Amino acid sequence: MEEREGGFRKETVERLLRLHFRDGRTRVNGDALLLMAELLKVFVREAAARAARQAQAEDLEKVDIEHVEKVLPQLLLDF
Amino acid sequence: GSEAAGGEQRELLIQRLRAAVHYTTGCLCQDVAEDKGVLFSKQTVAAISEITFRQCENFARDLEMFARHAKRSTITSEDVKLLARRSNSLLKYITQKSDELASSNME
């Protein structure tokens, strides 16, 4: 699996996760990092797509914070 | 003292990571904007970025717990699949990616 444009870098993902580990021995293997990069990409795209759909349901072309706020609860439940 | 320096280092790291997440969020929002024919306000991109950054804390802690539960200190694909369990389509997608990785690893 290549790292695609507009995705999270493996190194970034590793640091993001390691920031919150409670145990100093915890590591993440390469495949898990790549999968987490994909998962985070899906998370962002879902947030954006759902907010966009919300704005469009309100007949708007510009997506604003309130559209994100409306879709956030379900988004978090789905992840 | 060195504790203060450690705290500063961590703050700097957090800033850099926030910026990295914000950059990638911007790119991905741009893709979605083109797909759907909408515009995202700057505040919207910032909000999605911040939410994503914060969600990483939950992900990291869950992954660590899953690995620990399996008596491992290294987080693997299996742990990530557990993380993706709440949505059928997400789980299917992650499992598919995991299978692709596994087969390319065998080559």
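## Exercises on a two-chain predicted model

A:Asp59 lies in the loop that connects α2 (30–57) and β2 (62–63) of chain A, where helices (H or I, at least four residues) and strands (E, at least two) are DSSP runs numbered from the N terminus. This is a predicted model, in which local features need pLDDT of at least 70 and side-chain atom pairs count only at pLDDT 80 or more, while totals for chains, interfaces and linings use all residues. Residues are numbered from 1 along each chain as its sequence is written, chains are lettered from A in the order in which they are written, and side-chain values use heavy atoms, with hydrogens and water left out.

**Exercise 1.** Work out how many residues are in contact between the chains, and how much area the chains bury.

*Solution.* Count contacts, meaning heavy atoms within 4.5 Å: 54 residues of chain B touch 49 residues of chain A. For the area, take the accessible area (1.4 Å probe) that the two parts lose on being put together, summed over both; the chains bury about 5,000 Å², 70% of it on carbon and sulfur atoms. Within chain B, the residues that lose the most area to chain A are B:Leu28, B:Glu64 and B:Leu101, together 12% of what that side buries.

**Exercise 2.** Find the salt bridges between the chains, and the strands that join them.

*Solution.* A salt bridge requires a side-chain nitrogen of Lys or Arg within 4 Å of a carboxyl oxygen of Asp or Glu, and the count between chain B and chain A is two. One of them links B:Asp35 with A:Arg45, whose closest N and O atoms are 3.5 Å apart. For the strands, which pair if DSSP finds at least two bridges between them, β1 (residues 27–28) of chain A is joined to β2(B) by two bridges, and the two run parallel. The bridge partner of A:Val28 in β2(B) is B:Ile75.
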